Amino acid sequence: MNYRMTSFILGRMLGVEALVMVIPAIVSAIYGEETMRAFLITSAVLMVLFLIFGRKKPENAMIYAKEGFVIVALAWILWSVFGALPFYISGTIPKYIDALFETVSGFTTTGSTILTDIASLPMGMNFWRCLTHWIGGMGVLVFVLVLTSLDDKNTMHLMRAEVPGPEADKLVPKVRGTAKILYGMYLALTLIEVGFLLAGGMNLYDSVIHAFSTAGTGGFNNRNNSVAFYDSAYIDGVITVFMILFGINFNLYFFILLKDWKSILKNEELWAYLGIVGVSIAIITGNILKIYGTVAHAFRYASFQVGSIITTTGFATADYDQWPELSKSILLALMFVGACAGSTGGGIKVSRLLIIVKSIRREVRKMLHPNAVTIIKVNGKKIGQDTMKNVNLYLTCYIIIMIVSILLVSIDNFDFATTFSGVLTTMSNVGPGISKVGPVMNFHPFSALSKLVFCFDMLIGRLEIFPYLLLLSPELWRRRF
């Protein structure tokens, strides 16, 4: 374990966060808010830590898979721990556990909140909440790789530990080059959405923070009743389309730049994702038709909520907790599914479900034809045994952690729907659940223990479990590698 290089990279990351803190400080200054001081104080603390740990690069700069997982796991914790300080220092969120919950929810792009009156939050603080979505959407490490010179030949381990999905691929040979391409496409789509929202009558501030939250598939905004505040079919439509776009694997956007249409059209995950979205919208539209009266209105609300849930964004234009049980059940199932691998969305990922379905089909064929040789392929690529093992282990760990989390949160004695959906929505990084954590409710009533459990669930959901399993392994800290 290369402790010095680990400390160096973490120090550099805290230095980047110190610079990022200046942005909401400027927003606070523009609106004449005293909360600017909270950002500057936090930035100063982070800069001191950068000067201590992140200035001098150690001679032995090699890192391997174990360091990559540890750095990613600790980086997300540290960014959240320090990112919560402006809320706490300013008194905007008086309890630090609540501030930590809000910040973890932001960086992991979950969108769950403890705030009961979001509209009263200072402009700078709300900007910071939504900016954490935008940074966390593509990944804290990817963001830092773009802004710093950490492009060593071994930093692919950082990308593999952070990029969601069963496998992580480089778009170009250099890791930093890959990070720049990803963020270039990410920024371009964000700016395009800002333009569309401005055209729909949103002011610049609202357009930017909604674009941040859509891009990161997070769900924070500055309205107590979310996107429903605007009551605009145009705005609903724009956000619906961009939520679905940000739920697609960003590698496909790179193929568009290369004009490699063949790879896009043959992408099984893309068609499965769009198929799930389309079928879900169709069923829910029919199921809620009596509530909204016309097909157009039912389609508008069904498509928005399906897009919001499957991409794990968490925006709301309707209280779907009042919808029929079939519609609620479909939305709960979509929380499990999530978006595509390599997107900003959470959940189990469509690619994993494809692998599982094909694996089941292979086993059935083996029963019928014991001597047949069957190979699992996704997008024309053979799925190796290591990937299959990874998928099975991930699902096993996912279920075990969910059961343990439900048991811990149940100590608060809420009804099962609240407890179960609270754990599911935080592990899948969705945001709202059903019942007392539904789209018009929040997580404020839970105890400090439950909020810490939810924080852990949000982190392991975003980083897909394995970095934190390694971090919690006693063997990692007992032995010197």
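Start with E363. Its relative accessibility is 34%, so E363 counts as partly exposed. The cut-offs: buried is under 20% relative accessible area, exposed is over 50%, and partly exposed lies in between, with a 1.4 Å probe and protein chains only. R362 has a relative accessible area of 14%, so R362 is buried. The two side chains meet in a salt bridge, 3.7 Å from N to O. That term means a side-chain nitrogen of Lys or Arg within 4 Å of a carboxyl oxygen of Asp or Glu.

A word on the source. This is a predicted model, where local features need pLDDT of at least 70, side-chain atom pairs count only at pLDDT 80 or more, and totals for chains, interfaces and linings use all residues. Residues are numbered from 1 along each chain as its sequence is written, and side-chain values use heavy atoms, with hydrogens and water left out.

How many salt bridges are there by this rule? The count is 13.

Next, E268 and K358. Their closest N and O atoms are 2.5 Å apart, in a salt bridge. This pair links distant parts of the chain, 90 residues apart: E268 sits in helix α15 (residues 268–287), K358 in helix α19 (residues 350–368). Helices here are DSSP runs of H or I, at least four residues, numbered from the N terminus. Buried or exposed? K358 is at 15% relative accessibility, so K358 counts as buried. E268, at 27%, is partly exposed.

Now E102. E102 forms a salt bridge with R129, at 3.0 Å between the closest N and O atoms. Both E102 and R129 are buried.

Last, a network: salt bridges link D231, D236 and R300.

Terms used
Helices (H or I, at least four residues) and strands (E, at least two) are DSSP runs, numbered from the N terminus.
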